[in-house]
Amino acid sequence: MDQKHSVLEMDYIRKQERIALKNCGLIDPERIEEYIRYDGYQALAKAILQLGPEGVIEEVEASGLRGRGGAGFPTGRKWRSGYLAKGNEKFIICNADEGDPGAFMDRSILEGDPHSVIEAMTIAAFAIGATKGFIYVRAEYPIAVKRLQIAIDQAHEMGFLGSDIFGSGFGFDIELRLGAGAFVCGEAKALIASIEGKRGMPTPKPPRTNDKGLWSKPTILNNVETFANIPPIIRNGAGWYAAIGSEKSKGTKVFALGGKINRTGLVEIPIGTPLREVIFDIGGGIPGGKKFKAVQTGGPSGGCIPTEHLDVKIDYESLQDIGSMMGSGGMIVMDEDNCMVDIARFFLEFSVEESCGKCTPCREGTKKMLGILEKITSGEGVMSDLDDLERLGQIIKDTSLCGLGKTAPNPVLSTLKYFRDEYEAHVKDKTCPAGVCKALLQYTITDKCIGCGICKTVCPVSCITGNKKEKHVIDPSACIRCGACQEACPVDAIIKR
Amino acid sequence: MLEKILTEENFSALDELLERYKGVPGPLMPLLQGAQDIFGAIPEEVQSYIAEKANIPLAEIYGVVTFYSQFRMVPRGDHVISVCLGTACYVKGSQNIMDKISQAMGIGIGETSSDGKFTLVGTRCIGACGLAPIVTVNDDVYGKVKESEILKILEKYK
């Protein structure tokens, strides 16, 4: 009993509030009975038998729920526009193309509580008058695909999907569609193109998808986590939900804590919790006594947040104000051993590969930026490169067609803003302070050397010299910086800097 | 290599698939995914077969196949080694693991060894960031992989 008490008292548990992840890990996701046992499908019954379409929309509007895919568009307003859109056929799509590297909350919900998404989609369909839904899920998530299909079949058997749900005459069906590895398909219009069987490329807005979406019919798209919040909102009422969170952003958000942090995993916290609490109280700080350097939020669309902004209360606006974004909720912590220039290069490489190639600023601009960053990390940068990066980044943000391009420069711009000294060290001093950028590293043997000669034998280019029992020396001009000597040294006498 | 996959048996499985998606709106993605499961890849021969039977222009099919990173036109090796290059894995050193495998096997990212045994790929986040860095071999997942251990892990598949 005592032990249980102490576990619940842990910050990791105590500071979380689980709404979207409520059932994850508690119920058997392949048994609909267990979902029903935990109030499952009661919200759907309440929506259909008690609230009616307008009542549902009013409830979602009043809850203050905003899109959890990253952009934070008010869900209720989206549904109302779907409700008002004219058309004999409408669609509901669940965006389960969780592409941000470092975010896995949607996978967890799909695998651990698939019925919550199906129930929510059915409620949404009832509210806007849709008869058909699609879940567009990443092919990288085979277990999620399997469990979703089981859940859909079970919901059919129980009469929660199909024609005439709860004897109301309302009918709805859901079909799974698999992605094929294109990050841009997380963008609504690209995703729709992909379901239609085309290359996943976005098209200009307007028209918006709520007027002309899938097969040019009114379509409402929501993200997995957004949907997972719907059944509790309908069951417990908008007032209950709106009491959680910050003034502008209600409810909770799930974050995927990862990187250089003691307790990795998914954490669900009320919006408005300070970053510091998430990283140090819930996440338990940085392992190995290392120093915190930055936290990256929002994946390839977000930015790196330095120590000075750790007290920021997390919400859509506050993160944007400091050059990052909420995004889908990836939160990667970096310590003193991570090079910020290298991280910026890493994200840009991702954006370059994933750019669909349709609009010039994104296709060509990100490539140019990557080229400059590669120049800097290989020790050939000049100071004007930094200005070029800033200028180019701003132009790409202003002129790209879709969200991918508009946010792709963020990792570079935010690191340039907060870690300019690191860029300057690469350019002016030709050093990488974190010891990551290989071309700028130098391996040296310190006085700890016992002259055993092991390093000499493992060196692939024979650039180490020295007599037995005497200090050895590395010839930096021949060294290829493979690190084999450092790994082999029995007394840790070889350092890189 | 191609003769091995362009068998009558595979084409009749494809016929069944085409039959199943007759009249379904937007059938191309599931058709291609199904075809890749059957053949192990979607070579030109398969693309033009689908084009004719499903009445979709070959150019459109080719455009879609080359757009998505999971579609491939040549089959992969017996074992697929994927190193996760997502953010959490990257900050924990997955690039070094990738380099080590690449060097030891003499193949780059996306390449297959000359004996057709191994294909090395860099994957995007597989959503197991708590176990970073991650390497998967076929369906086996290895978490918290150390650079010094990786070659021993791969030894099992030789």
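Trainee: How many residues of chain B are in contact with chain A?

Mentor: Contact here means that heavy atoms lie within 4.5 Å, and by that rule 34 residues of chain B are in contact with 46 residues of chain A. This is a predicted model, in which local features need pLDDT of at least 70 and side-chain atom pairs count only at pLDDT 80 or more, while totals for chains, interfaces and linings use all residues. Residues are numbered from 1 along each chain as its sequence is written, chains are lettered from A and ligands numbered from 1 in the order in which they are written, and side-chain values use heavy atoms, with hydrogens and water left out.

Trainee: What area do chain B and chain A bury between them, and which three residues of chain B supply more of it than any other three?

Mentor: Buried area is the accessible area, for a 1.4 Å probe, that two parts lose on being put together, summed over both. Here the two chains bury about 3000 Å², with 55% of it on carbon and sulfur atoms. Of the area that chain B buries against chain A, B:Phe67, B:Thr87 and B:Arg124 supply 22%, more than any other three residues.

Trainee: How many salt bridges does the rule find across the interface of chain B and chain A?

Mentor: A salt bridge is a side-chain nitrogen of Lys or Arg within 4 Å of a carboxyl oxygen of Asp or Glu, and the rule finds four of them across this interface. One of the salt bridges joins B:Asp99 to A:Lys438, at 3.9 Å from N to O. On chain B, the elements that each give two or more residues to the side touching chain A are α3 (28-39), α5 (58-67), α6 (87-91) and α7 (94-105), where helices (H or I, at least four residues) and strands (E, at least two) are DSSP runs numbered from the N terminus. By class, this side has 17 nonpolar, 12 polar and five charged residues; Ala, Val, Leu, Ile, Met, Phe, Trp, Tyr, Cys and Pro count as nonpolar, Asp, Glu, Lys and Arg as charged, and the others, Gly among them, as polar.

Trainee: Why does the pair A:Glu390 and A:Arg420 tie together parts that are apart in sequence?

Mentor: The structure holds 35 salt bridges over all chains, including the one in which the side chains of A:Glu390 and A:Arg420 meet at 3.3 Å, N to O. A:Glu390 lies in helix α16 (residues 383-399) of chain A and A:Arg420 in helix α19 (residues 420-427) of chain A, so the pair ties together parts that are 30 residues apart in sequence.

Trainee: How is chain B divided by its domain assignment?

Mentor: Domain bounds come from an automatic or database domain assignment, which for chain B gives domain 1 (2-67) and domain 2 (79-155). The centres of these two domains, taken over C-alpha atoms, are separated by 30 Å. Chain B has eight helices and four strands, running from the N terminus as α-α-α-α-α-β-α-α-β-β-β-α.

Trainee: Which way do strands β7 and β8 of chain A run, parallel or antiparallel?

Mentor: Two strands pair if DSSP finds at least two bridges between them; four bridges join β7 (residues 292-297) to β8 (residues 303-306) of chain A, and the two run antiparallel. A:Val295 stands opposite A:Ile305 in β8(A). The strands form a hairpin with five residues between them, and A:Gly298 in the turn has a positive phi of about 85°.

Trainee: Where is A:Ser216 found, and what is its phi?

Mentor: Most residues other than glycine have a negative phi, and most peptide bonds are trans. A:Ser216 is found in the loop between α9 and β4 of chain A, and its phi is near 60°, a positive value in a residue other than glycine. A:Pro206 is found in the loop between α9 (188-195) and β4 (219-223) of chain A, and a cis peptide bond with omega of about -10° joins A:Lys205 to A:Pro206. Another cis peptide bond, with omega of about 5°, joins A:Pro206 and A:Pro207.
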